[in-house]
Amino acid sequence: MTSALAAFWQRLCDSQKQRIYILPTRAGYGFAGLLLLMLLGAINYNNSLGHLLSFLLASLGHVTMHHSHRNLRLLNLKVTPLEPVFCEQNARFKLSIQNEDSRDRYQLEIAHKKHPQMSRWRFFKSYEPLQKIAYIDADNMTSCHLEVKTHRRGWHSLNSLRVASLYPLGLFYSWTIYPQTAQVLVYPQARGKLPLPAPPDGGRQQLKGEQLGDDDFAGLRNYREGEPLHRVAWKAVARDEVMRSKQFSSPEGHELLLSWQDLASLTDTEAKLSQLSSWVMQAERAGHHYGLQLPGNRIEAGNGPQHQHLCLKTLALYHG
Amino acid sequence: MAKADTSPDHHAINQLIIALFIGALPHFVYQPFWVGLAFVLMISWRLLHSYRGWPLPAASRWLKVLHNGTAALMIVLIFGQFGLTIGRDAGAALLTIMLAFKVVEIRSLRDYYLSCFLGFFLVITNFFYSQSMLMVVLMMLVVVLLTSCLISVNSESSAMPIKWRLKLSVQMVLQAVPVMLILFVLFPRISGPIWGLPQDAGTATTTTMTEQITLGELPTQTGTTGMSEEIQMGKISQLIQSDEIAFRVEFENDALPPASARYWRGPVLWQTNGTVWSPLPEPERSQAAPQIGVRGEAYQYTMTLEPHNKRWLFALDLPTEKPAVVPAYMTSDAELHSQKRIKNRAQYSLESHTDYQLNPGGDPNLWAALQLPEGKHPRTRQMASEWIQASEGPEQYIDRVLQFFNQQNFVYSLSPPILQGDTVDQFLFETREGFCEHYAASFTILMRAAEIPARIVTGYQGGEVNPVDNVLTVRQRDAHAWGEVWLPERGWVRIDPTSAVSSQRVEEGMSNILPSERTSPRLIARNDALVEVWRDLQNNWNALNTAWDIWIVGYGPQIQKTFLSRLGMDNPDWRKMAVILTLLLALTGIVMLLLSYYRRAHPDPVVRLYSLFCHKLARLGLNKSEHEGPLDFAARAQNHLPQYQQQIESITRLYTQLRYRHASDALLSELELQIKQFQPRK
């Protein structure tokens, strides 16, 4: 008994942490008008059952409010950012909603705040719907992806999430706000017509030969029989008991320096960044060794997904 | 708000059509046939669209013209039928028809909401025609269905099967009951109407008592002053055809007067032209209050009077005070007269004495009780003057007259031959077949002809006591008329000449005179045991109806006051009601909120998890029945959902292992994981 009461109290306190707002919809106002009309009719005709019906429907409205509130409380949201994207692509987040109440949830609409500094009086317009969740079972969880169109490079945040619902009768619109910190990196859009620059003088000579060589450490892969034992990454074995071999690569192609100075023909900073981003992609695809030269920032030549990400991240967060 | 206005799907529309059809069903009876016809045609159109793909009005211009044209035609028909004032009938017909036309062209959610709301309005229009329990049951069904329609457009059918929607709407309507009851009891009632009522507003009371008694055929040219055409229905013989309830009486402490004393006093008639009897004009009757002397115990009782649109209030003969709640006064001929017409069911408490003396010291209107129409009833007058001369005083004369009725071949008949010419002479000396009003009228003439002041009292006599709740119900068929004579020292004395002819009528009441077919269905009327069972059923049903009529249907400003006073509220007025109403509503709101945090969960987590599994399958229409074992259920589910065969198999195995063999935390978390990941879709 005491434990049941304690659990009851716990739920009550938990639900207070998240404020739920509720307003009648247009249909709700219509319903209220209908009730008023009905009551007037009932009074005018001295119709007792007319009174009864008006009161039943008014009470039904009240019950709807409770159901509407209950549909949104004790929800636990978790947002995980997914991989970085290029500008104009959709930034993706994974949303997991945990239903902590013993009742199914229906028709949840997930929206996010488009502009962080929107006035609170333009509340509804500042949110953009992202996803609809038809139901979440009691004491269960569901997850979905949220995709947000990106328009600017840099960190993209969802700002805050609004979970809203018209359930059960569409008479009330209830919503609750979850502030979010999860953000996805947005690279500058890979766009530009300039050709990849030629390797500068004094750069490395073009090397021929196998792609996997001994020079540069390129990563680990699962050990295959027949590979020399000195290639085994013993430290990694000690960590998780899986045999892996170190892979080394010999760069194929040129070593490039993708430089801001080469873009004097472009005036706009964003266009320059887009061009650089495009070059990074091209260089990576072609297997070049490439470095990046920005005003006040320089990345030494390198190669591989890590390097590419570093370059693109630098471009994404560049402040002119 | 951020809501795309999409069109509702077929299922939602079909559901709405079913709800509206049930809601409109009673109107097929109340309204002209073409209203029902138009309704059925229009919803069939929509159904044919759903099932056969027939085009909707929006599909082509011609169909649009057809749709709008028919709608316009219907409006014209309604105006043709009901005239230009929109009253109850025209309003209900208009609503029924327009709703059907709207359903055909539902295209957006907005249309759908509008149709649902109009559906709720359709429900209330039914209550303007009937407030019986059956109607309420039917209409509650409609409310539940309409609620489930609203749920349908606010949830997806893949998430919520129709069964769940109905269950939720029943649940919501039931949850709405407590607040409804609080509002019903405590919401301060206003006595309507707020604005003028159209002519057809009244409830279906067709036959009630009128202010006049007419013997024989009414001359067609009698356009008597200030009277409505209802005079023609004023013959008590027509009232006797009606089983409608006139009023109900509840005696305090169940102390009922004996059957022979159950005279319910109504209008008193003085004036006659030989055929028509009517009351005294207003100035004379309100001249002086009657002087009443009483003996013995008083009867205390509460009357619940059905609306009759007249001003008199019935009371047990003789009331000694006027009612407290209904503004009324007592005329000099001891008739209770309300200040306003009784248009709604009225309830009032009274005290009566059956042993009384009325105006023993004289009556200012005695002259009117001696008036006879000029030159009429010669044979009657002649007989009266012979008999009074032969009698020693009025008492002996009265006895002689009663003996005359008793010993001559007078017959009490509900369908007497129609009287023509001199009605009284013809009745007394020729036909000798009649019922109470014939006897009362001819008796009074016989008295007056002998210089004894006499008058007719109309009202009801008898009534049925329901053994279940001891409520005495008086119906229109109990209508009665009797005589009163004024004797020196004794005042007005009631003489019922009908009892001299048929004592059965007075002592056993009307229902025993009526053929048994009137009181029980023809089929069982021959079998006494069945009739007995039928009586019992009827008594219980009547008691229920009485309570329903008085406390639910009749719950208005007056009964609200009575009821709240009984509950202990001291002199309830709207301010007190509003305060208590607000407090109670706030309290209920808090209790409802707190209750919603309470959860009933099975103590065993394994069972909880398994029921979640069953719940997920139920969403797809796979319901596990009580008697079905988990293995059988799993087999059935696998049959339906072959793509989830493996998951169902594994979950069921884990469940049976945990539940029936041994429990371990590792297995439990495995089950939890599997069930949470189990997201079946069709």
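**Strands, contact and chain layout**

Tutor: Let me begin with a strand pair: β15(A) and strand β16 (residues 297-302) of chain A run antiparallel and are joined by 4 bridges, where strands are DSSP runs of E of at least two residues and helices runs of H or I of at least four, numbered from the N terminus, and two strands pair if DSSP finds at least two bridges between them. This is a predicted model, in which local features need pLDDT of at least 70 and side-chain atom pairs count only at pLDDT 80 or more, while totals for chains, interfaces and linings use all residues. Residues are numbered from 1 along each chain as its sequence is written, and chains are lettered from A and ligands numbered from 1 in the order in which they are written.

Student: Which residue is the bridge partner of Leu292(A) in β16(A)?

Tutor: Leu292(A) has Ile299(A) as its bridge partner there. The two strands form a hairpin with 2 residues between them, and Gly296(A) in the turn has a positive phi of about 80°.

Student: And how many bridges join β14 to β15 of chain A?

Tutor: Strand β14 (residues 255-259) of chain A and strand β15 (residues 289-294) of chain A run parallel, with 5 bridges joining them. Between β14(A) and β15(A) the chain passes through helix α5 (residues 269-286) of chain A in a right-handed β-α-β crossover, right-handed meaning that, with the strands pointing away from the viewer, the path from the first strand over the helix to the second runs clockwise.

Student: Changing topic: is Pro179(A) buried or exposed?

Tutor: Pro179(A) is exposed because 9 other C-beta atoms lie within 10 Å; 12 or fewer counts as exposed, 20 or more as buried and anything in between as partly exposed, with C-beta atoms placed from the backbone. Pro179(A) belongs to strand β10 (residues 172-179) of chain A.

Student: What about chain B, how many residues touch chain A?

Tutor: Chain B gives 57 residues to the contact and chain A gives 54, a contact being two residues whose C-beta atoms, placed from the backbone, lie within 7 Å. On the side of chain B that touches chain A, the largest share, 9 residues, comes from α7(B).

Student: How many helices and strands are in chain B?

Tutor: Chain B has 23 helices and 20 strands, and 37% of its 682 residues are buried. Among contacts in chain B between residues at least 6 apart in sequence, 73% join residues at least 24 apart.
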